[in-house]
Amino acid sequence: MLPQELIRAKRDGQALPAEALRTFIQAIASGQIGDAQIGAFAMAAYLNGMDDAETVALTEATRDSGQVLAWDDLDLPGPVLDKHSTGGVGDLVSLVLGPWVAACGGHVPMISGRGLGHTGGTLDKLEAIPGYDIGPDQARFRRLVKEVGVAIIGQTADLAPADKRLYAVRDVTATVESMPLIVASILGKKLACGLDALVMDVKSGSGAFMPTHEASLELATRIAEVASQAGTPTTALVTDMSQPLAPCAGNAVEIRETLRLLRGDAGDSRLLEVTRALAVEMLLQGRLAEDRHDAEHKLERALASGAAAERFARMVAGLGGPADLLERPARYLPEAPLRVTVHAEAPGIVQRLDTRALGMAVVELGGGRLQAGAAVDHRVGLSEIVAIGEHVDAERPLAVIHARDEASAERAVAQLRAAITLGDAAATPPTLIHDAIR
Ligand code: URA
């Protein structure tokens with residue numbers, strides 16, 4: 001089918017045959033199709049949608065548009081597993097989850113991204129560690145996945161290249177918010193990693209990518225169905241992002257929190273609870289545990305024994321970072337020159353947080369990007385962020401700002417106060433795991 005005929009068919013509301021979609025996506029990857037036709041296709045798909053069969057075909061074509069990683073030749077003793085999240089604020093789940101699952105026998109080749117909009121990026125956080133190389137060669141990546149069980153690195157150019165072009169065009173043609181295009185985009189990249197199983201973390205709440213809980217639930221449901229039909233068993237959880245998941249946000253600050261969690265210094269926390277729930281699903285999907293109880297037991301042991309922390313340390317060292325980061329974080333992680341403790345103007349109980357606004361405050365402090373390709377300041381961010389239901393007063397601040405100068409700190413103080421709603425009534429902390437699609 002010629003590209004213009006495929007666009008016409010979708011424009012007129014017809015379902016597209018799998019083979020035609022595959023040819024079209026391949027032509028996008030090879031550069032034979034220009035941005036005009038990509039944009040027209042995206043708009044037709046946005047307006048008329050795609051059924052499940054089309055979405056599966058689009059996902060498989062995106063996955064196969066470049067290199068698809070294969071692990072068979074390595075004779076790995078355990079399953080190849082991964083998690084993907086729609087992103088959030090204070091969401092350092094990947095940094096804890098990857099090593100934790102590796103310590104339980106999984107192999108996690110995690111291809112992560114940079115900060116996007118108000119959300120932080122795992123790669124930006126890892127680059128706060130001096131020497132950490134997010135772009136190792138294939139041999140090193142594969143060796144780490146085999147020997148350490150986890151390697152968190154950046155996207156390579158030959159993984160799902162069709163999505164790179166399609167996403168760039170969607171970004172400037174008001175077609176990002178299309179369910180089938182989102183599903184195929186996320187899964188096309190993930191399934192190209194040659195996984196035995198995937199767990200998806202779809203966020204819901206004021207810091208989530210999807211605008212409503214219903215939309216998050218629909219995305220989770222469609223991802224689980226489409227991935228499973230495309231041959232990769234997938235479980236999806238809808239988890240809470242109505243407040244930052246960790247009590248901090250920023251790059252070096254989140255690495256510090258990761259180390260505290262892995263060393264067991266942070267105790268139980270919302271971050272750990274969500275990470276544990278995702279890890280349980282991964283162990284079950286990978287048949288690394290007999291049942292939920294067994295999975296939880298294995299995970300507790302891996303954390304308490306220091307095995308998860310050890311995997312993180314080996315991954316960091318294996319990718320060029322310092323071998324003693326866990327023991328001496330202060331020696332390596334950069335600190336902002338200014339720390340400002342921000343109190344509420346009057347005592348009260350935290351009712352609501354505008355998580356997106358808090359994420360944007362971190363971006364404006366320099367912790368994220370206002371323009372594509374800009375450098376980030378790894379030192380800046382927020383710590384000690386209050387949670388819903390907490391009481392704030394002259395003792396308990398709203399948060400601590402880590403800033404590079406007075407001007408940016410002052411702006412962040414106003415943004416922080418505006419993002420946190422206080423009241424007199426007791427407020428119940430939200431449920432952390434809203435839905436599970438298995
Ligand atoms: N993330 C992606 O990778 N693709 C989308 O379409 C949306 C979010």
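**Alanine 266**

I began with the surroundings of alanine 266: leaving aside neighbours within four places in sequence, alanine 266 is in contact with Glu257, Arg260 and Leu261. Contact here means heavy atoms within 4.5 Å. I placed alanine 266 in the loop between helix 11 (252-263) and helix 12. Helices (H or I, at least four residues) and strands (E, at least two) are DSSP runs, numbered from the N terminus. At 19% relative accessibility, alanine 266 counts as buried. The term buried stands for under 20% relative accessible area, exposed for over 50%, and partly exposed for what lies in between (1.4 Å probe, protein chains only).

**Basis of the entries**

The model is predicted, and local features need pLDDT of at least 70, side-chain atom pairs count only at pLDDT 80 or more, and totals for chains, interfaces and linings use all residues. Residues are numbered from 1 along each chain as its sequence is written, and side-chain values use heavy atoms, with hydrogens and water left out.

**Threonine 275**

Leaving aside neighbours within four places in sequence, threonine 275 is in contact with Val93, Val96, Leu97 and Trp100.

**The ligand**

Which residues surround the ligand? I noted Tyr167, Arg170, Ile182, Ser185, Ile186, Lys189 and Phe209. A residue is near a molecule or strand if one of its heavy atoms lies within 4 Å of it. By class, this shell has four nonpolar, one polar and two charged residues. For these classes, Ala, Val, Leu, Ile, Met, Phe, Trp, Tyr, Cys and Pro count as nonpolar, Asp, Glu, Lys and Arg as charged, and the others, Gly among them, as polar.

I then asked where the shell comes from. Helix 8 (161-171) and helix 9 (179-191) each supply at least two of its residues. The largest share, four residues, comes from helix 9.

One of serine 185 lies 2.6 Å from a nitrogen atom of the ligand. One of lysine 189 lies 2.7 Å from an oxygen atom of the ligand, and one of arginine 170 lies 2.9 Å from an oxygen atom of the ligand. The ligand has 240 Å² of accessible area on its own, and the protein covers 86% of this. Accessible areas come from the Shrake-Rupley method with a 1.4 Å probe; for residues, only the protein chains shown count as cover.

**Arginine 222**

Is arginine 222 buried or exposed? At 14% relative accessibility, arginine 222 counts as buried. I located arginine 222 in helix 10 (residues 213-229). Its side chain makes a polar contact with the side chain of aspartate 52 (2.9 Å). A polar contact is a pair of N or O atoms within 3.5 Å; within protein, one must be able to donate a hydrogen and the other to accept it, and residues adjacent in sequence count only if both atoms are side-chain atoms. Not counting residues up to four places away in sequence, arginine 222 touches Met50, Asp51, Asp52, Thr55, Met179, Pro180 and Val183.

**Aromatic pairs**

I searched the whole structure and recorded two aromatic pairs. In the pair of phenylalanine 24 and phenylalanine 41, the ring centres are 4.9 Å apart and the planes stand at 55 degrees, so the pair is tilted. Rings of Phe, Tyr and Trp (its six-membered ring) pair if their centres lie within 6.5 Å; planes under 30 degrees apart count as stacked, over 60 as edge-to-face and the rest as tilted. Phenylalanine 24 lies in helix 2 (residues 18-30) and phenylalanine 41 in helix 3 (residues 35-48), so the pair ties together parts that are 17 residues apart in sequence. Both phenylalanine 24 and phenylalanine 41 are buried.

Tryptophan 71 and phenylalanine 141 form an edge-to-face pair, 6.0 Å centre to centre and with 70 degrees between the planes. Tryptophan 71 lies in the loop between helix 4 (52-63) and strand 1 (81-85) and phenylalanine 141 in helix 7 (residues 138-147), so this pair ties together parts that are 70 residues apart in sequence. Tryptophan 71 counts as buried at 5% relative accessibility, and phenylalanine 141 is buried with a relative accessible area of 4%.
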